[in-house]
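The sequence and the model are shown first.

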Amino acid sequence: MNKDRFDVFSNCYMSAAKSITRLKEKGMAPYGLSSVHTRCIRCLYAFPEGQTRTQIAKYCGVDKAQISRIIGELYEKSYITDNQAKSGYKNKIMLTESGREVADRINDLILKINQFVSGDIPDDQIKVFYDVFEQICENLKNAEAE
């Protein structure tokens with residue numbers, strides 16, 4: 001039973017992750033943004049006072065080198081700015097007005113996706129799912145430490 005459960009979980013997780021990435025990329029294609037760009041913009045939207053590159057990397061679950069590249073690309077598109085004249089890992093990165101507009105569109109897209117995916121599943125079941133999934137994720141992290 002446990003072996004089968006592991007296979008089902010692994011397959012469902014991978015399938016869901018791929019679908020989420022494809023949905024984000026499809027929705028962001030008009031802006032020339034990838035899934036990681038989307039996560040970065042959502043991070044900055046959640047923290048209007050700004051975040052450092054290190055904080056963004058941690059929030060998005062990617063390494064600092066990739067975040068530096070993503071920050072550069074978002075800066076070129078005028079979606080972000082920083083609070084310092086020179087770049088550095090301690091500078092706070094913030095969304096520009098056009099970045100906030102894109103973030104609003106991203107949030108609208110995510111709301112639509114959530115409504116579609118949740119369908120007619122009652123809110124209390126959705127809450128239980130996320131509570132259990134978060135606990136599974138925590139347990140997996142703890143298993144890594146073993």
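## Salt bridges

Glu-97 forms a salt bridge with Arg-100, with 3.0 Å between the closest N and O atoms; the term requires a side-chain nitrogen of Lys or Arg within 4 Å of a carboxyl oxygen of Asp or Glu. Both residues belong to helix 5, three residues apart, or about one turn of the helix; helices (H or I, at least four residues) are DSSP runs, numbered from the N terminus. Glu-97 is partly exposed at 49% relative accessibility, and Arg-100 is partly exposed at 37%. Here buried means under 20% relative accessible area, exposed over 50%, and partly exposed in between (1.4 Å probe, protein chains only).

The model is predicted: local features need pLDDT of at least 70, side-chain atom pairs count only at pLDDT 80 or more, and totals for chains, interfaces and linings use all residues. Residues are numbered from 1 along each chain as its sequence is written, and side-chain values use heavy atoms, with hydrogens and water left out.

Three salt bridges are found in a search of the whole structure. In helix 4 (residues 64-76), Arg-69 and Glu-73 lie four residues apart, about one turn of the helix, and their side chains meet at 3.2 Å, N to O. Arg-69 has a relative accessible area of 44% and is partly exposed; Glu-73, at 25%, is also partly exposed.

The salt bridge between Lys-127 and Asp-131 has an N to O distance of 2.8 Å. These residues are separated by about one helical turn because they lie four residues apart in helix 6. Lys-127 counts as exposed at 52% relative accessibility, whereas Asp-131 is partly exposed at 39%.

## The largest pocket

The largest pocket holds about 1800 Å³ of space. A pocket is an open set of points on a 1 Å grid over the protein atoms alone, where a 1.4 Å probe fits, with protein on both sides within 12 Å along at least five of seven lines; lining residues have an atom within 4 Å of a point. The volume is the space filled by probe spheres set on the points, which are joined across faces, edges and corners.

Of the 36 lining residues, Ala-16, Ala-17, Ile-20, Tyr-130 and Phe-133 are the closest to the centre of the pocket. Helix 1 (2-28), helix 2 (35-46), helix 3 (53-60), helix 5 (97-118) and helix 6 (123-145) each supply at least two lining residues. Helix 6 gives the largest share, twelve residues. By class, the lining has 23 nonpolar, eight polar and five charged residues; Ala, Val, Leu, Ile, Met, Phe, Trp, Tyr, Cys and Pro count as nonpolar, Asp, Glu, Lys and Arg as charged, and the others, Gly among them, as polar.
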